[in-house]
Amino acid sequence: MNRELHMSRKLIVAVALVAAMFPLVGTAADADSGPQAAVLATVDAALDAAGSGDIKTMRTEYLPNCSFVDEFAPYRWSGPDSMDAYFASAAQMYKQTGMTGTKVSRGSPKFVYTTSTSAYVVVPLKVQATVKGKPYRASGTLVFALQHTDAGWKIAMQTWAKATENISPN
């Protein structure tokens, strides 16, 4: 099998897993107008695309060399292929933990700070799933740092900060 086809299949599996990870419910808080509204529109578009498994749209909301931080190894991804590497690691985590049936609900952003060139957004999340046949619940926040570009606001960094969980999936 050629390398491109193999990578395409891996990406399709990763997209399906992201859709399972982020079937998000709810929307970000409404902002009147201006930079906050545009920043929140970018974050909402990224989360909505993740929830529906629309990787093509999701990619348009992130900088090509974005950084990710999450609770599974290797915990940090950055550089030109960071999104693909992040998805591959997520797929591996799901396989290792036997996590299935993931449902994520998002709350209204707790903080939205903007300047003319950068932004910071904190969005609370609640996660429910099954891990090795047992109910799993967690809560935390997704933290985004955005950069204003000629193409509009783009996500430069996304970090998951877990606050609670009932069992360790590891």
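This is a predicted model: local features need pLDDT of at least 70, side-chain atom pairs count only at pLDDT 80 or more; totals for chains, interfaces and linings use all residues.
Biologist: What makes the length of helix H2 agree with expectation?

Modeller: H2 has 18 residues, which at 1.5 Å a residue should span 26 Å, and its end C-alpha atoms are 26 Å apart, so the two values agree. Among the buried residues of H2 are Val39, Leu40, Val43, Asp44 and Leu47. Just after H2, Gly53 takes a positive phi of about 80 degrees.

Biologist: What is the corresponding result for helix H4, residues 82-97?

Modeller: H4 has 16 residues and reaches 22 Å from its first C-alpha to its last, close to the 22 Å expected at 1.5 Å a residue. The buried residues of H4 include Met83, Tyr86, Phe87, Met93 and Tyr94. Gly98 follows H4 and has a positive phi, near 65 degrees.

Biologist: Why is the contact of Arg106 with Asp44 called a salt bridge?

Modeller: The closest N and O atoms of Arg106 and Asp44 are 2.8 Å apart. The criterion is a side-chain nitrogen of Lys or Arg within 4 Å of a carboxyl oxygen of Asp or Glu, and the pair therefore qualifies. It links distant parts of the chain, with Arg106 in strand S4 (residues 99-106) and Asp44 in helix H2 (residues 35-52), 62 residues apart. Asp44, Asp48 and Arg106 are linked in a network of salt bridges.

Biologist: How do you know whether Arg106 and Asp44 are buried or exposed?

Modeller: Arg106 has a relative accessible area of 7%, and Asp44 has 16% relative accessibility. Buried means under 20%, so Arg106 is buried, and Asp44 counts as buried by the same rule.

Biologist: What makes the pair of Arg59 and Asp84 a salt bridge?

Modeller: The side chains of Arg59 and Asp84 meet at 2.4 Å, N to O, and the limit is 4 Å, so the pair is a salt bridge. Arg59 lies in helix H3 (residues 55-60) and Asp84 in helix H4, 25 residues apart, and the pair thus links distant parts of the chain.

Biologist: Why are Arg59 and Asp84 assigned to their accessibility class?

Modeller: Partly exposed covers the range between the buried limit of 20% and the exposed limit of 50%. Arg59, with a relative accessible area of 31%, is therefore partly exposed. Asp84, at 28%, is partly exposed as well.

Biologist: What joins Glu71 to Lys162?

Modeller: Glu71 forms a salt bridge with Lys162, the closest N and O atoms being 2.3 Å apart. The pair links distant parts of the chain: Glu71 is in the loop between strand S2 (62-69) and strand S3 (76-77), and Lys162 is in strand S8, 91 residues apart. Glu71 is partly exposed at 30% relative accessibility, and Lys162 is partly exposed at 29%.

Biologist: How many salt bridges are counted by this rule?

Modeller: The count comes to five.

Biologist: Which residues do ring pairs link into a cluster?

Modeller: The cluster consists of Tyr62, Phe68, Phe72, Trp77, Tyr86 and Phe87. The structure holds eight aromatic pairs.

Biologist: What makes Ala156 partly exposed, and which residues does Ala156 contact?

Modeller: Ala156 has a relative accessible area of 22%, which lies between 20% and 50%, so Ala156 is partly exposed. Its place is in strand S8 (residues 152-165). Leaving aside neighbours within four places in sequence, Ala156 is in contact with Leu63, Cys66, Ser67, Ala145 and Leu146. The C-alpha atoms of Ala156 and Tyr62, 94 residues apart along the chain, are separated by 6.2 Å.

Technical notes: Residues are numbered from 1 along each chain as its sequence is written. Side-chain values use heavy atoms; hydrogens and water are left out. Helices (H or I, at least four residues) and strands (E, at least two) are DSSP runs, numbered from the N terminus. The expected span of a helix is 1.5 Å times one less than its number of residues. Buried means under 20% relative accessible area, exposed over 50%, partly exposed in between (1.4 Å probe, protein chains only). Contact means heavy atoms within 4.5 Å. Rings of Phe, Tyr and Trp (its six-membered ring) pair if their centres lie within 6.5 Å; planes under 30 degrees apart count as stacked, over 60 as edge-to-face and the rest as tilted.
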